[in-house]
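Visitor: I have a structure open and would like to go through how its parts pack. Can we take it piece by piece?

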Amino acid sequence: MAIIGSGITGLVAALHLARGGRQVTIFEAREPGYGASTRNAGYVGRTLKHGFGELMESHGLPFATQIYGELMEAFLAVKETIESENIACHYNQQGRLLLATGSAMYEAMAREFSLREKHLREPFAMVSRAEQTKEIGTGHYFGGVKIDDHAGLHPGLYHQGLLDAARAAGVTIAAHTPVLRIARDGAGFIVQTPRARVAARDVIVATNGYSGDAFPWLKRRVMPFDAYQTVSEQMNAERVRQLLPGDRTYIDWNFNVDWLRRASGDPTRIIFGGLTGGRNQDLRIMAERLHGRLMRIFPELSDLRFDHVWTGKCGGTFDLYPHIGSHEGIHFAVGYCFAGVPMGTLFGQKLARRILGRKGGESAFDRPMPSNPLYWGNPWFVPYAINWMSRGDR
Ligand SMILES: Cc1cc2nc3c(=O)[nH]c(=O)nc-3n(C[C@H](O)[C@H](O)[C@H](O)COP(=O)(O)OP(=O)(O)OC[C@H]3O[C@@H](n4cnc5c(N)ncnc54)[C@H](O)[C@@H]3O)c2cc1C
């Protein structure tokens, strides 16, 4: 059994397959966890680029309920995994505050979350602009929506826990071993690396935003886009409490989001990210731009320095849905559009169930996966696509 990619998706699939009796090797082009799974913000929620109300209108209530039901399954899968594997990763159901960047957005959020409460029984609370300073020390936003059970975790520690569990279950991790090609070989496959040709009965591709030439069909369907994140220098913990008195995970409700939270496990630093799809790869320039965006929220932080800035690749799809499926016998799960912590965990489990022939592998996200005639896997296209998709934010 060969798995390509050692992020959350690959590790969770590997863990369950190894426990199901399969001999599993993960091939990782770089060091384990090189991808987005260790670079993210650790938000654990029920997030999709398509709103519940939009899905109700376009596809009907049963479809919307099925899709959002699976988001709940993914959300719960993270907690269960952390508990069953005993992973110390600061998992905390601290709640999320979704923030409006205009009054029309605030009204739209009220409509969307009322529908979710009515049909999915997911409670929420509207936080008005006047009340928001109890949650976040700024007047920049127009209020928002608070969802109490959403969680945060430390992504590096979550990944490390999954890696340890997979190794303990007998999974082999072949680090610094890029897969160059996957070819059919009778009933199975040959996985070609620079050092060897390896026979495998089944193959999973779990490369998300790092998908490349090993599986060209997938490369044409997943757009890699860069997201940028910073961690501040240490501040007085009291100052952090004044900035983020609700201690939630904070994110705005735009298509192209800014996000902000206290660093997990560290009361003296904040994490701030955004500029997804930004064209400039120079991290110093991106840090300056992020600093400018943070100043709009907290003008009093003009003297704040970031200790680190980094980037990671997300995987976007042309229909803005995550996808799980198989093509010509090769299994894959990708396209999480910023929800890969829960969705990667769930899809890793589902891929393993499918291959082991167990129940629970079916998914509402196993749908035809579109490409675009203009897109052959060249990232020049991506900033234009993101710009087009974010036009509503402006
Ligand atoms: C800055 C940032 C913030 C984010 N914040 C959040 C968040 O708060 N919450 C959330 O849910 N999601 C978030 N995401 C998204 C989330 O991190 C990803 O969706 C998720 O980690 C994807 O996991 P994965 O296992 O599918 O892929 P990845 O973790 O990206 O792993 C893919 C791996 O495949 C390897 N690979 C690629 N090609 C090959 C090859 N040919 N051979 C061998 N190996 C190969 C890569 O080296 C990489 O290690 C964020 C992403 C970023 C970048």
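**Helix packing, domains and ligand**

Guide: Start with helix α3 (residues 61-85) and α9, whose axes are 8 Å apart and which pack at an angle of about 80°. The model is predicted.

Visitor: Are α3 and α9 roughly parallel or roughly perpendicular to each other?

Guide: Angles from 65 to 115 degrees count as roughly perpendicular, so α3 and α9 are roughly perpendicular to each other.

Visitor: Which residues meet there, from α3 and from α9?

Guide: From α3, they are Glu73, Ala74, Phe75, Ala77, Val78 and Thr81. Facing them in α9 are Val341, Pro342, Met343, Thr345, Leu346 and Gln349. By class, the contact of α3 with α9 has eight nonpolar, three polar and one charged residues.

Visitor: OK, and α2 with α3? What angle do they pack at?

Guide: About 140°, with the axes of helix α2 (residues 52-59) and α3 lying 7 Å apart. The cut-off for roughly antiparallel is over 145 degrees, so α2 and α3 are oblique to each other.

Visitor: Is the crossing of α2 past α3 left-handed or right-handed?

Guide: α2 passes α3 in a right-handed crossing. Phe52, Leu55, Met56 and His59 are the residues on the α2 side, and on the α3 side they are Leu61, Phe63, Ala64, Ile67 and Tyr68.

Visitor: Now the start of the chain. How do α1 and α5 sit?

Guide: Helix α1 (residues 8-19) and helix α5 (residues 155-168) have axes that come within 9 Å and cross at roughly 30°. Angles under 35 degrees count as roughly parallel, so α1 and α5 are roughly parallel to each other. The crossing of α1 past α5 is left-handed.

Visitor: What makes the contact between α1 and α5?

Guide: α1 contributes Ile8, Leu11, Val12, Ala14, Leu15 and Ala18, while α5 contributes His159, Leu162, Leu163, Ala165 and Ala166. Sorted by class, there are 10 nonpolar residues, one polar and no charged.

Visitor: Change of topic. Which domains is the protein divided into?

Guide: Domain 1 (2-39 + 157-222 + 318-373) and domain 2 (62-152 + 224-315). Their C-alpha centres lie 27 Å apart.

Visitor: How many residues of domain 1 and domain 2 are in contact?

Guide: 26 residues of domain 1 are in contact with 22 residues of domain 2. On the domain 1 side, α5 and α9 each supply at least two residues. The largest share of that side, six residues, comes from α9. By class, the side of domain 1 that touches domain 2 has 16 nonpolar, nine polar and one charged residues.

Visitor: And the ligand? How many residues surround the ligand, and which are the closest?

Guide: There are 41 residues around the ligand, and the closest are Gly5, Gly7, Gly35, Gly312 and Gly340. The elements giving two or more residues to the shell are α1, β13 (222-232), β17 (306-317) and α9 (340-356).

Visitor: Which element gives the largest share of the shell?

Guide: α9, with four residues.

Visitor: How do the residues of the shell divide by class?

Guide: Into 20 nonpolar, 18 polar and three charged.

Visitor: Which domains does the shell draw residues from?

Guide: Domain 1 and domain 2, with at least three residues from each. To tie up α9: α9 packs with α3, gives the largest share of the domain 1 side that touches domain 2, and gives the largest share of the shell around the ligand.

Terms used:
Residues are numbered from 1 along each chain as its sequence is written. This is a predicted model: local features need pLDDT of at least 70, side-chain atom pairs count only at pLDDT 80 or more; totals for chains, interfaces and linings use all residues. Axes are lines fitted to C-alpha atoms, for helices over the stretch in contact, and angles run from 0 to 180 degrees between N-to-C directions. A crossing is left-handed if the near helix is turned anticlockwise from the far one by less than a right angle, and right-handed if clockwise. Two residues are in contact if their C-beta atoms, placed from the backbone, lie within 7 Å. Ala, Val, Leu, Ile, Met, Phe, Trp, Tyr, Cys and Pro count as nonpolar, Asp, Glu, Lys and Arg as charged, and the others, Gly among them, as polar. A residue is near a molecule or strand if its C-beta atom, placed from the backbone, lies within 6 Å of it. Domain bounds come from an automatic or database domain assignment.
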